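Start with the ligand site, then move on to the strands.

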Amino acid sequence: MKFFIDTANIEQIKEAQSLGILDGVTTNPSLMAKEGITGEKKILKHYVDICEIVDGDVSAEVISTNYKEIISEGEKLANLHSQIVVKVPMIKDGIRAIKYFTEKNIKTNCTLVFSLGQAILAAKAGATYVSPFIGRLDDFSNDGLNLIKEIKKVYHNYNYKTLILAASIRHTMHIINCSKLGADVITGPLNSITGLFNHPQTDLGLEKFLSDYKKGNT
Ligand code: E4P
């Protein structure tokens with residue numbers, strides 16, 4: 001399973017990259033705004049800066065909602081850097097645009113996916129990634145993880161090549177459960193990823209090993 005970090009914060013991206021387990025980055029307009037990155041020029045430069053830190057795919061989201069504008073914005077984003085994946089919303093014009101990008105060999109991430117039907121459309125259009133938002137489903141008393149399970153089954157039934165990118169990850173157990181269900185990628189905040197390191201027995205065990213070593217070597 002690949003690990004993407006879901007942020008536009010450069011320090012956090014650098015920290016995740018330094019762990020040696022990072023496979024890519026996802027961003028969205030809200031995450032950009034949170035970092036104070038506004039205006040087209042600054043936003044485009046920020047994508048390039050992120051690509052230069054990480055080795056893998058970097059999702060850059062279009063803000064256009066009609067076909068022609070999604071195409072021209074997406075092509076501009078794709079031309080920024082070879083690691084850019086054009087992130088397109090799950091709307092009719094978005095699906096048409098994904099089909100176009102697929103034919104042009106431009107990688108895509110179909111975002112804002114909340115149902116199995118939407119995930120099937122994304123796969124039929126040839127999206128590289130589909131992003132079911134599991135945390136936001138949980139927020140509305142839906143079972144986000146169950147959507148991952150359903151998509152996995154249907155993609156397997158039809159041998160769809162689209163990769164399941166579990167998004168809107170809120171905590172470490174989302175990551176664990178996505179791995180059990182066979183999600184291809186998770187994207188989450190840094191603390192959901194670093195949470196995987198934690199176990200009190202690891203801390204206690206290490207403390208004991210180090211103190212026993214000291215006893216034997218003083
Ligand atoms: C995915 O690509 C989105 O940027 C993201 O995972 C949304 O997460 P949120 O629901 O925590 O905003």
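Predicted model: local features only at pLDDT ≥ 70, side-chain atom pairs only at ≥ 80, totals over all residues.

**Ligand shell**
- Asp 6, Thr 26, Asn 28 and Lys 87 are among the residues that surround the ligand.
- Phe 133, Arg 136, Ala 167, Ser 168 and Arg 170 also belong to this surrounding set.
- Sorted by class, the shell holds four charged, three polar and two nonpolar residues.

**Polar contacts and cover**
- The side chain of Asp 6 places an N or O atom 2.7 Å from an oxygen atom of the ligand.
- For Asn 28, an N or O atom of the side chain is 2.7 Å from a ligand oxygen atom.
- Ser 168 has a polar side-chain atom 2.7 Å from an oxygen atom of the ligand.
- On its own, the ligand has 340 Å² of accessible area, and the protein covers 85% of it.

**Strand pairing**
- Strand E6 spans residues 129-132, and strand E7 spans residues 163-166.
- E6 and E7 run parallel and are joined by two bridges.
- In this pair, Val 130 stands opposite Ile 164 of E7.
- E7 also runs parallel to strand E8, residues 185-188, with two bridges between them.
- Here Ala 166 stands opposite Ile 186 of E8.

Definitions and conventions: Residues numbered from 1 in each chain as written. Heavy atoms only, no water. Near = heavy atom within 4 Å. Polar contact = N/O pair within 3.5 Å; in protein donor to acceptor, adjacent residues only side chain to side chain. Areas by Shrake-Rupley, 256 points an atom, 1.4 Å probe, with all protein chains shown as cover. Nonpolar A, V, L, I, M, F, W, Y, C, P; charged D, E, K, R; others polar. Pairing = 2+ DSSP bridges. Helix = DSSP H or I, 4+ residues; strand = E, 2+ residues; numbered from the N terminus.
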